[in-house]
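Here's a quick briefing to go with the model you're about to look at. Have it open while you read.

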Amino acid sequence: MNLLEVKSLFKTYGSGDTAVHALKDVSFCVPKGEFVAVVGESGSGKSTLLNMIGALDTPTKGKIFIDGNDILSMNDEAMTVFRRRNIGFIFQSFNLIPELTVEQNIIFPTLLDYQKPDKAYLDELLKILNLTERRNHLPSQLSGGQQQRVAIGRALFTRPSLILADEPTGNLDSQNTNEVIALLKETSKKYEQTIIMITHSRSVAQTADRILQVSDGCLTDFGRS
């Protein structure tokens with residue numbers, strides 16, 4: 001069963017002679033539980049594609065289905081709720097709230113949704129992320145690798161069906177990069193979550209189940225590794 005379906009996606013910025021065609025007729029499907037890497041040069045359109053899938057931007061034309069839901073047909077309020085409950089985001093810059101502890105940062109999306117945090121699940125995640133001893137630390141008291149693990153925990157905590165990771169290892173050294181990628185693969189399998197990850201690194205991309213390349217707004221599927 002496909003968790004994600006992208007159909008004939010176009011994105012054009014501007015018009016006339018100054019128009020920039022960021023995406024050109026992009027179509028692909030991702031089965032549930034697959035770990036997909038998206039590669040491409042800067043300006044190729046890969047971040048635009050991720051923003052479309054995450055409903056952070058609107059395509060000029062096309063359809064996006066997540067778990068059978070036509071996300072582009074939703075109004076803003078419905079889309080906000082759907083995104084918060086079904087899509088987890090991991091950013092290169094971590095985007096942690098500096099005044100909140102590790103534990104508070106991880107459970108924050110649940111509080112935004114007026115839900116009661118699952119303490120048992122939090123303890124499980126902290127153990128998997130190797131952050132149990134750091135649960136009461138602030139982001140400023142953590143290494144880059146630890147901050148990225150907190151960001152992963154935050155993305156996982158609402159049990160979303162889809163994780164979108166934008167250069168999640170871009171600010172990390174090789175050891176932390178390997179640890180973060182191993183963690184993403186482990187959690188993908190353990191919680192049956194679908195992951196789409198943008199990366200500039202070919203070696204990081206090779207760890208994924210499948211590689212997609214975006215070049216000049218067009219997508220090439222290199223298949224499963």
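**Where H3 meets H5**

In this predicted model, H3 touches H5 through Val 102, Asn 105, Ile 106, Ile 107, Pro 109 and Thr 110, and on the H5 side the partners are Val 150, Gly 153, Arg 154 and Phe 157. By type, the residues of this contact split into 6 nonpolar, 3 polar and 1 charged.

**How the two helices pack**

- The H3 and H5 axes come within 7 Å and cross at roughly 30°.
- Angles under 35 degrees count as roughly parallel, so H3 and H5 are roughly parallel to each other.
- The H3/H5 crossing is right-handed.

**The largest pocket**

- The largest pocket has a volume of about 370 Å³.
- Its lining is made up of 16 residues, and the ones nearest the centre are Ile 87, Phe 89, Pro 109, Leu 112 and Arg 154.
- Pro 109 and Arg 154 also turn up in the contact of H3 with H5.
- Sorted by type, the lining of the largest pocket has 8 nonpolar, 5 polar and 3 charged residues.

**The second largest pocket**

- The second largest pocket holds about 170 Å³ of space.
- Lining the second largest pocket are Ala 55, Leu 56, Asp 57, Thr 58, Ile 71, Leu 72, Met 74, Asn 75, Asp 76, Met 79, Thr 80 and Arg 83.

Terms used. Residues are numbered from 1 along each chain as its sequence is written. This is a predicted model: local features need pLDDT of at least 70, side-chain atom pairs count only at pLDDT 80 or more; totals for chains, interfaces and linings use all residues. Side-chain values use heavy atoms; hydrogens and water are left out. On a 1 Å grid over the protein atoms alone, a cavity is a set of points where a 1.4 Å probe fits but cannot get out, and a pocket is an open set with protein on both sides within 12 Å along at least five of seven lines; lining residues have an atom within 4 Å of a point. Grid points are joined across faces, edges and corners, and a volume is the space filled by probe spheres set on the points. Ala, Val, Leu, Ile, Met, Phe, Trp, Tyr, Cys and Pro count as nonpolar, Asp, Glu, Lys and Arg as charged, and the others, Gly among them, as polar. Axes are lines fitted to C-alpha atoms, for helices over the stretch in contact, and angles run from 0 to 180 degrees between N-to-C directions. Helices (H or I, at least four residues) and strands (E, at least two) are DSSP runs, numbered from the N terminus. Angles under 35 degrees count as roughly parallel, over 145 as roughly antiparallel, 65 to 115 as roughly perpendicular and the rest as oblique. A crossing is left-handed if the near helix is turned anticlockwise from the far one by less than a right angle, and right-handed if clockwise. Contact means heavy atoms within 4.5 Å.
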